[in-house]
Amino acid sequence: MKPIASEAWVLNPQGAVSDAHAALADGGQLRVVFLSETMARLSWVPRDGFREPRTWSIAPEGHGDVPWEGRSRDSLAGFERPAVKVAGDQLGTTRLQVQLKGGPGCAVRAIWSDPSSQSVLMEDRVTSAYLDERRTGLVRHSVVRHVGEHYFGLGDKTGPLNLHGRRLRCLGQDSIGYDPMSGDPLYKHWPFVLTRTLQGLWVGTYYDTLSACTFDLGCEHDNYHGLFRSVDIDDGDLDCYVMAGRTPAEVIAQFVRLVGGTHLPPRWTLGYAQTAMGLADAPDAQKQLDRFIDECQQHRMPISSFHYGSGYSSRGKQRYVFTWNHSKFPDPQAVNAKFHQAGMRLVANLKPCLLDDHPAYADLKEAHAFVEHESSLAPVVEPYWDGQGAHLDFTKPQAIAWWQSQLREKILEKGIEIGWNDNNEYAIAAEDAISAGFGQAMPIHRSRPLHALLMTRATFEAQLAWQAQQGGQEHAFTVTRAGPPGIQRYAQTWSGDNTTSWATLKWNIRTGLQMSLSGMFNIGHDVGGFYGPLPEPELFVRWVQACALNPRMVMNSWKAGNVSNVPWMHPSVTDGVRAAIELRYRLMPYLWACFEAASRDAVPIIRPTFYNFPDDEQCLLDCDEFMLGTSLLVAPVVQAGAKTRSLYLPALPDGLGWIDFHSRQRFSAGHCHTVPADVHQLPLFVVQGAAIPVAAPLAGSVPRHDDPVSEVLQF
């Protein structure tokens, strides 16, 4: 690898707007452009132009969605382009400043700072801050690392929230049974890092690339470079957005608005939902689902939707998207109608790969709708779900059109409202695989995450059109397991195929918070664990409690013998399970207000305590509790046999304290406490002085997502 060297920095005055560039020894250019008072963009433009000349993630909020064929990477549309002051080798606004170092024959570097305090936010490494490797196309960016800095983000990462000292990859991967503390990568490609500096300021860096990335956040040491952290981008572009803020909220909101904001889903999606592969996989699946509906009513279990696993399309172990196995489902519309009569909406699992004996495979092959080998233009056929299959190429209009027509005919017209985009990591191994790129071909290693994004968009827009045709007034909605920044414009997501264990319960809390800090707000986990053994009673009820106040609450499982996690699986704790789900419905007005704020104000729904209390350094310590919105602190129990719960209640102003939601006992703020933790109750605390709206069902009815506000509780 060789350092990128500069001949000189050149300031480019453009009226009241300024930017700068450095001509590089290899014929390329390093550019700095200010986009707002607190955001700038640093790009290395190779001599022959960007390897990824288009982006699908950058969509400044309020300026419309990205064209299907992508947005030009050179575009500055949608940005305010503020007036920038220039002083010597420094340029910037009143909130963000960059000093540009370098000269003839010298390596270039940028030093980002806060003008009001002159505190450094991020500083390129003195030695070889920018490198490229001709042999592989890898590009590296290295910055100075300080021992006391905190790093967050990167999407669905495992382990403690502070990622300092870890090496992590951004590469969507089907990670069933992953280690909840150290497993990596998982399902999302999310190259966004949120940093808390030693001075307590915050800076976000987003590397806009679809190529796989490796972030070294202090794992690697080198005698010649001092302490540093770096990102390696595999054969992609270095196009970095830098965002400054006084709080984490300020930075996260900038990033979310940069990538298009957060979709507000229909209110019914906030209710408890059930899915289980065992039910739809069973030979008598329709009878199983019919019985499940009856059991929900017998147990008076609140539930708002049922998510069909892919078993409705299975023959043996193989799955055939957009087909119904009528031996298991002789009359899908009848059971779907029964779900609706019971007050449940329906969601169907969808997969983007067609096995080579799928009824539509030959026609789609002839239409060149699949990801193909570059030389032969034959479909790339690889192992998939106990067979061999080819992935649809969502950068081809014919693939999108087929997908949307089948979604309408086989799913929406059958009485199912929503498509759930699953198994869409596109882990294609063939090196010569290409995506059509809407006429500008892209190698698969630079388009893997894009397919998950476009698949999700195709599903979302087809449902939007269907609802409009039906005269519906609801928001559209979809779900995706994988994808890059941009999926939050359309979809809810979750932490994937977790494993049943106490460790997963504990560490999944952090993964959910990490996704929230990364700008994915509508998130959750498979309640009770998807993979592995059945949860024993205590673990099961604690898991339901921990997820009861997450944005997404879906009980999903795939267990040996087709046994499924269902709310009444352990009679000894069914009352506790029901109580936790009922708590969710009671707090539905407050939860819905959190969703509205997420969409309107770009704020997370669940947050680490330091998000709400950034000046309380105790909140930076690893813990199991989290905030729901501005006023509720949730303290799940994650240890077997625990009868009490130790926790820290953050400091509050003006002598305010924290109030136990259940008992109304007051606790002092800024102190650690040990509180009772009965197995049938979720520890929950409220900021003193807060008003919490709650709902109540009609007399004799089971709670619903649209129950009216019954009162406003004053704490």
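Helices (H or I, at least four residues) and strands (E, at least two) are taken here as DSSP runs and numbered from the N terminus. The model is predicted, and local features therefore need pLDDT of at least 70, side-chain atom pairs count only at pLDDT 80 or more, and totals for chains, interfaces and linings use all residues. Residues are numbered from 1 along each chain as its sequence is written, and side-chain values use heavy atoms, with hydrogens and water left out.

Grid points are joined across faces, edges and corners, and a volume is the space filled by probe spheres set on the points. The search of the whole structure finds eight cavities of 30 Å³ or more, and the largest cavity holds about 70 Å³ of space. Its lining consists of His141, Val143, Val193, Tyr207, Phe215, Leu217, Arg229, Ser230 and Val231. Strand S15 (139–144) and strand S21 (228–233) are the elements that give two or more residues to this lining, and S21 gives the most, with three residues.

The largest pocket has a volume of about 510 Å³ and is lined by 29 residues, of which Asp174, Tyr384, Trp385, Asn423 and Arg481 lie nearest its centre. At least two lining residues come from each of strand S30 (381–384) and strand S31 (387–391), with S30 supplying the largest share, three residues.

Arg481 also takes part in a salt bridge with Glu425, the closest N and O atoms being 2.9 Å apart, where a salt bridge is a side-chain nitrogen of Lys or Arg within 4 Å of a carboxyl oxygen of Asp or Glu. The pair links distant parts of the chain, with Glu425 in the loop between strand S32 (418–421) and strand S33 (433–435) and Arg481 in the loop between strand S35 (478–480) and strand S36 (491–492), 56 residues apart. Buried means under 20% relative accessible area, exposed over 50%, and partly exposed in between (1.4 Å probe, protein chains only); Glu425 counts as buried at 5%, and Arg481 is buried at 1%. Both belong to a network of salt bridges that links Asp174, Lys351, Asp422, Glu425, Arg481 and Asp497.

In the whole structure, 39 salt bridges are found. Among them, Arg257 and Glu61 meet through their side chains at 3.2 Å, N to O; Arg257 lies in helix H1 (residues 248–258) and Glu61 in the loop between strand S6 (54–55) and strand S7 (71–72), so the pair ties together parts that are 196 residues apart in sequence. Arg257 counts as partly exposed at 34% relative accessibility, as does Glu61 at 33%. A further salt bridge joins Arg510 to Asp624, with the closest N and O atoms 2.5 Å apart, and both of these residues are buried.

A nonpolar core is a set of buried Ala, Val, Leu, Ile, Met, Phe, Trp, Tyr and Cys residues joined through side-chain atoms within 4.5 Å. The largest such core has 165 residues, and those with the most contacts inside it are Phe292, Tyr308, Phe339, Leu392, Trp403, Leu628 and Trp658. Apart from it lies another core, of 42 residues, among them Ala40, Leu96, Leu163 and Leu217.

Technical notes: On a 1 Å grid over the protein atoms alone, a cavity is a set of points where a 1.4 Å probe fits but cannot get out, and a pocket is an open set with protein on both sides within 12 Å along at least five of seven lines; lining residues have an atom within 4 Å of a point.
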